[in-house]
Amino acid sequence: MRILVVEDEPLFADAVAEWLRGDAHAVDVVYDGDTALGNLAVHDYDVVVLDRDVPGVHGDDVCRTIAAGQGTTRVLMLTAAGLIDDRVAGLTLGADDYLAKPVAFRELGARVVALGRRSRAAAPPVLERAGVRLDLHRREVYRDGRYVPLSRKEFAVLAELLRADGAVVSAELLLEKAWDEHTDPFTNVVRMTILKLRRKLGEPQLVVTQTGVGYRIP
């Protein structure tokens, strides 16, 4: 998934981002509300992890803006204010979930994944096609019963290809879903990841290139 972390404590924000990246998500980090709104205008995020009390545009207003957009982006409000009244207020603003600090990263990751299921068409926990079996929860991939060790990016790319169910997935969409905003849009990182993925999956080749369009698994 593509996730935006909005948190004004850099060390905590970066720790959250690294944990989520460990689950093969693409994560952008911003430290104030103004930058958050700028990112939201450019990128199609699945989930926003939002500190309620950030400088610039207040987190409440960021949440209202997301909710008013009537898009598929889900908001997990993350804040030190954990009283029942605070939680009710946050949910009333349009947040989809509310988690008080301090947090356990495992729980945070699980809640983000749960929200992500709501932001897109529901996908089964195990994706299968052409002899490939990808377990989203166990983070394991098998081809014809053979375990295939993949990097986080290779796993994320393969998951997007399998979700497409035979349709072509553009390099731009793969870049949007599997890499963060600091990745050069003109880089060949998608092509290189596809090459490594093909090599690891073995013969016969599964990932087909549609010249000028993208990639697919028939």
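Glu160 is buried, with a relative accessible area of 11%. The model is predicted. Its salt bridges number 14. An open antiparallel sheet of four strands runs in the order E6-E7-E8-E9.

**Salt bridges within helices**

- Glu160 forms a salt bridge with Arg163, at 3.3 Å from N to O.
- Both residues sit in helix H6, three residues apart, or about one turn of the helix.
- Arg163 is partly exposed at 31% relative accessible area, whereas Glu160 falls under the 20% cut-off for buried.
- In helix H5 (residues 105-119), Glu107 and Arg111 are four residues apart, about one helical turn.
- The side chains of Glu107 and Arg111 meet at 2.8 Å, N to O, in a salt bridge.
- Glu107 is partly exposed at 36% relative accessibility, and Arg111 is partly exposed at 25%.

**A salt bridge between separate elements**

- Asp96 and Arg74 pair through their side chains at 3.7 Å, N to O.

**Strand E4 and its partners**

- Strand E4 (residues 74-79) is largely enclosed by the rest of the structure, because five of its six residues are buried.
- Strand E3 (residues 47-51) pairs with E4 in the parallel sense over five bridges.
- Val48 stands opposite Val75 of E4.
- E4 also runs parallel to strand E5 (residues 97-100), joined by four bridges.
- Leu78 has Leu99 in E5 as its bridge partner.

**The open sheet**

- Strands E6 (126-129) and E9 (146-147) are the edges, each pairing on one side only.
- Four bridges link E6 to strand E7 (residues 132-135) in the antiparallel sense.
- Val126 has Asp135 in E7 as its bridge partner.
- Helix H6 (residues 152-163) packs on this sheet, touching E6, E7 and strand E8 (140-143).
- The direction of H6 makes about 115° with that of E7.

**Helix H6 against helix H8**

- The axes of H6 and helix H8 (residues 189-201) come within 10 Å and cross at roughly 85°.
- The two helices, H6 and H8, are therefore roughly perpendicular.
- From H6, the contact includes Val157, Leu158 and Leu161; from H8, it includes Ile194, Leu197 and Leu201.
- Across this contact, six residues are nonpolar, one is polar and four are charged.

Methods: Residues numbered from 1 in each chain as written. Predicted model: local features only at pLDDT ≥ 70, side-chain atom pairs only at ≥ 80, totals over all residues. Heavy atoms only, no water. Pairing = 2+ DSSP bridges. Contact = heavy atoms within 4.5 Å. Axes fitted to C-alpha atoms, helices over the stretch in contact; angles between N-to-C directions. Parallel < 35°, antiparallel > 145°, perpendicular 65-115°, else oblique. Nonpolar A, V, L, I, M, F, W, Y, C, P; charged D, E, K, R; others polar. Buried < 20%, exposed > 50% of the residue type's maximum accessible area, 1.4 Å probe, protein only. Salt bridge = Lys/Arg side-chain N within 4 Å of Asp/Glu carboxyl O.
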